[in-house]
Amino acid sequence: MAKILIVDDEVGIRELLSEILRDEGHDIQLAENAAAARAARNAGRPDMVLLDIWMPDTDGITLLKEWSANGQLTMPVVMMSGHGTIDTAVEATRIGAIDYLEKPIALQKLLSAVKRGLQRPATVGTPSPLTLAAFSRSLPLRELKRRVEQIVDNSRVLLLRVAHGSLAELVARSVQAAGAPWLDLGSVSAPIDIGQLQALQGGVLFAGELARLSRAQQKNLAFVIDRLDRYDLRIVAATDRGVEALLAEGWDEALLTRLFEVSLAPPSIADVKDDLPELATQILLHLVEGGEVPLRHFSTAALNQLRTQAWPGGYAELRAAVKSLALGTLEDEIGIADVRRLLQPPVDSGGSGISLDQPLREAREAFERMYFEHHLRLESGNMTRLAEKTGLERTHLYRKLKQLGLQAGRRHEEA
């Protein structure tokens, strides 16, 4: 028979429901709160969940949203409550619950709901991309989600002022409605036409870094931004440059005025370092649910090691590392040795790895680049600490980084 997870903070209800459903031949798992429910769902892969709405740690609606956001709502969920309202039932159904039972739960209603749920075909396919809604336990990310929602309710253009360790793509995915089209403008060089905009209707266009867009891609951006209302589109763009810097690079002033009209400075990974274990765990769960990696889990030590790493490449770099770790380990658990092997590779036998056969000037520049990359990573882009570490005056330090083609972590100067 089916494996059913019962989540309720009242022990009497858990025992009653489990007794009834065991008599029906089902395999029952019990969880007294949301934390236990997460663990049971991840480890046991239940065929169905009976989920209480009112719980002391995280309420059932929030947990349902979390599962939906990270691609884990692959099983039928029936909500339960003794103090529910019609609005609550409607919201739960909109998120993905298949039914709603009021307490005290009548025997026949319980059995009918379970039967209907287990008759539903299993959800298959690639889960939707991760959004900020998947990280319900992080206060900074919950606040960021509310800010983003407030902005996109009133503006079709959102500019993210980002720098080192950007969460830009995660923010942009949170603007995208479920099932809506998505287009990365940085991946399109050919001119965009009306037919493409019609196909993208209701969707999101994303530009990961304005400074990397070619002239042709800038023209595409200008073409789209004039037609947002007509095709119900939104643009989320990110940059660490100011208007003056982009103007100096040849950008159109009118286009920049539109882009910079509403901006937001989201936290970087360094700003939410304490929440990085949750980020990594949810990314891993999402990859598992999508069938991209085998079933794996992190050890506590591995998660702590990930927390200490600098992530100059931001969310994309973290996701790539999690995927590599899940594919690279031969065990069910990803341990600290796996993390160190991937992210802290040993220095090669040549010492620095710099060729000694090149001219002194080139060798010195290669060493300086490696040196500053190392300390930028250690200091998470914090320019104040980097200046102290290297013994360079700030103006000289910025000039040196620019000469070496390295990006200064401006958002962290005052940290």
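Me: Which residue in β4 does Asp52 stand opposite?

Reply: This is a predicted model. Strand β3 covers residues 48-52, and β4 covers residues 77-81. The two strands run parallel and are joined by four bridges. The residue in β4 opposite Asp52 is Met80.

Me: In what order do the strands of the open sheet that includes β3 and β4 lie?

Reply: This open sheet has five strands, and the pairing is parallel. Its edge strands are β2 and β5, each of which pairs on one side only. From one strand to the next, the twist averages 20 degrees. The order is β2-β1-β3-β4-β5.

Me: Which residue in β2 is the bridge partner of Ile6?

Reply: Strand β1 spans residues 3-7, and four of its five residues are buried. Five bridges join β1 to β2, residues 27-31, and the two run parallel. The bridge partner of Ile6 in β2 is Leu30.

Me: At about what angle to β1 does helix α2 run?

Reply: Helix α2 consists of residues 34-44. This helix lies across β1 and β2. Its angle to β1 is about 170 degrees.

Me: Are α3 and α4 roughly parallel or roughly antiparallel to each other?

Reply: Helix α3 comprises residues 60-69 and helix α4 residues 86-95; their axes come within 10 Å and cross at roughly 15 degrees. Angles under 35 degrees count as roughly parallel. The two helices, α3 and α4, are therefore roughly parallel.

Me: How many of the residues in the contact of α3 with α4 are nonpolar?

Reply: From α3, the residues Ile61, Leu64, Lys65 and Ser68 take part, and they meet Thr88, Glu91, Ala92 and Ile95 in α4. Of the residues in this contact, two are polar and two are charged. The number of nonpolar residues is four.

Me: Which residue in β10 is the bridge partner of Leu159?

Reply: Strand β6 contains residues 157-161. Strands β6 and β10 pair in the parallel sense over two bridges. The bridge partner of Leu159 in β10 is Ser263.

Definitions and conventions
Residues are numbered from 1 along each chain as its sequence is written. This is a predicted model: local features need pLDDT of at least 70, side-chain atom pairs count only at pLDDT 80 or more; totals for chains, interfaces and linings use all residues. Side-chain values use heavy atoms; hydrogens and water are left out. Two strands pair if DSSP finds at least two bridges between them. Axes are lines fitted to C-alpha atoms, for helices over the stretch in contact, and angles run from 0 to 180 degrees between N-to-C directions. Angles under 35 degrees count as roughly parallel, over 145 as roughly antiparallel, 65 to 115 as roughly perpendicular and the rest as oblique. Contact means heavy atoms within 4.5 Å. Ala, Val, Leu, Ile, Met, Phe, Trp, Tyr, Cys and Pro count as nonpolar, Asp, Glu, Lys and Arg as charged, and the others, Gly among them, as polar. Buried means under 20% relative accessible area, exposed over 50%, partly exposed in between (1.4 Å probe, protein chains only).
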